[in-house]
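Visitor: I am new to this structure. Please take me closely through one part of it, the aromatic rings.

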Amino acid sequence: MSVTMSINDIDEMIKGAESLNIEYLNERFKHLSFIASQYANNDLLSLKSTIEIFFLFNQNIRNDPNASVRKINDKKYEILIGRKLLLLLDRYSHKIFEDDLIFSNLKRNEDNKEKIRQISLLIFYFWMEFVCLHELMHVVRSHMNFKNGSYTEFNINKNESVEDSVYFEADADRYAIEFLATKLVKEIENIKVISNEYDDEIIIKNFIFLMLYLFDLFFVLNGSQKKSNHPTSLERINIIFTSLVVAGNLKGKMTMILLMRKAIHEFMAINGSKYRIDRIKFFIYTSTLMYRYLKFTKKKDLDNVQILHNNIWT
C-alpha cells in the first residue's frame, strides 16, 4: 500500500488539525521546545565557538507549511518552524501508521491503543527533530555565510544558484540524519518495547521508511519533480542512503548498506511508478550525486569554515 498525497490532501489534513484540542497541541509544542533547547544551549553538539540559537515554533511564516532560518549576527540565529508544518506532520504521522505503512507487526486494535499513540508521537517527534536539525545544520555548517542572512525552505531564491542550493540542502540533510541515526541506535531498546518489534534490522528498516515517506511529503510540497532550490525527493533519498551508512554502527557498515538497499527497493516497489525511476539506475546515480556533493563541499571549504568540530557529537 502506498500514500498518494496531493496539495489538496495536505490542505485538508491541516484544516483537520486546526480543530485539535489546544492542550494536545500545547503538549507537542512544549516537548519540541525541550528538544530544541538542548540544541540551542549547545548541549548536544560539539562547536568551535558559542552561538545563540532561538527556536520559534507555531509561527505564521511565508509559504507555510514551511521552516526558515535567519542570521541576526555572527553569534545569533533564529529558526522558525511554521504552524502549518507542525500540524501537517502531526496528522501525517498518524496517517502512515493507520495505513499500515510502518511497524506492521503492531496490531491496530483497542488493546494496543496506548502503544499506537506512543508510536505516532515517536514518528512526529522524529520528523520534527529532523526538521530542527536540518535548519540548525544550515547554521553550524556555515551555510548562512553564503545565503545573505536568511533562508526559507520550499522557496526559490532567484539570486542563488539552484545547483549550489541543492548541495547545501543535501549537506544539511546529511548531517541531520547522521545525528538521528546515531540517536536511533541509542534508543532502539525502548523502541522495541513500544513497537512490539524486537529485530534490530526491522526497526532500522522502519525508520528508513519513515524518512522516505517524509521526503515523499516534501516531494509534494516542492511541486513534484519541478526543479527548485531543494534536492528532489529522490536526490534526498540518495543522500540519506550514504548518510545512514556513515552513521550506522549497529551491525557494521556493510549491513547498513544491505538494509538501505532492501528498504529502498521495497519503497520503490510500492512508489516507484510515481517517480518514474529505474532501481538499477538509482543506485548508480547515488555514486554520481555523492561525488558531486563532496566536490562541492570541498570547493566551499565547509569542513574548515563550519562552526562544528570534525567530531560533531559531544
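**A look at the aromatic rings**

Guide: Start with the setting. This is a predicted model. The chain has 314 residues, and 56% of them are buried. It holds 10 helices and six strands. Of the contacts with a separation of 6 or more, 74% join residues 24 or more positions apart.

Now the rings. Searching the whole structure turns up 11 aromatic pairs. One of them joins Y92 and W127. Y92 belongs to helix α3, residues 83-98, while W127 belongs to helix α4, residues 113-140. The pair therefore ties together parts that are 35 residues apart in sequence. Both Y92 and W127 are buried.

Next, take F209 and Y213. This aromatic pair is tilted, with 6.1 Å from centre to centre and 40 degrees between the planes. F209 and Y213 sit four residues apart in helix α6, residues 200-221, so about one helical turn separates them. F209 is buried, and Y213 is buried too.

Rings also gather in a group. F146, Y167, F168 and F296 make up one aromatic cluster.

Finally, look for charges over rings. R28 places its charged end over the ring of Y24, 3.5 Å from the ring centre. R108 does likewise with F97: its charged end sits over that ring, 3.7 Å from the centre.

Notes: Residues are numbered from 1 along each chain as its sequence is written. This is a predicted model: local features need pLDDT of at least 70, side-chain atom pairs count only at pLDDT 80 or more; totals for chains, interfaces and linings use all residues. Side-chain values use heavy atoms; hydrogens and water are left out. Helices (H or I, at least four residues) and strands (E, at least two) are DSSP runs, numbered from the N terminus. Buried means under 20% relative accessible area, exposed over 50%, partly exposed in between (1.4 Å probe, protein chains only). Contact means heavy atoms within 4.5 Å. Rings of Phe, Tyr and Trp (its six-membered ring) pair if their centres lie within 6.5 Å; planes under 30 degrees apart count as stacked, over 60 as edge-to-face and the rest as tilted. A charge sits over a ring if NZ of Lys or CZ of Arg is within 6 Å of the ring centre and within 35 degrees of the ring normal.
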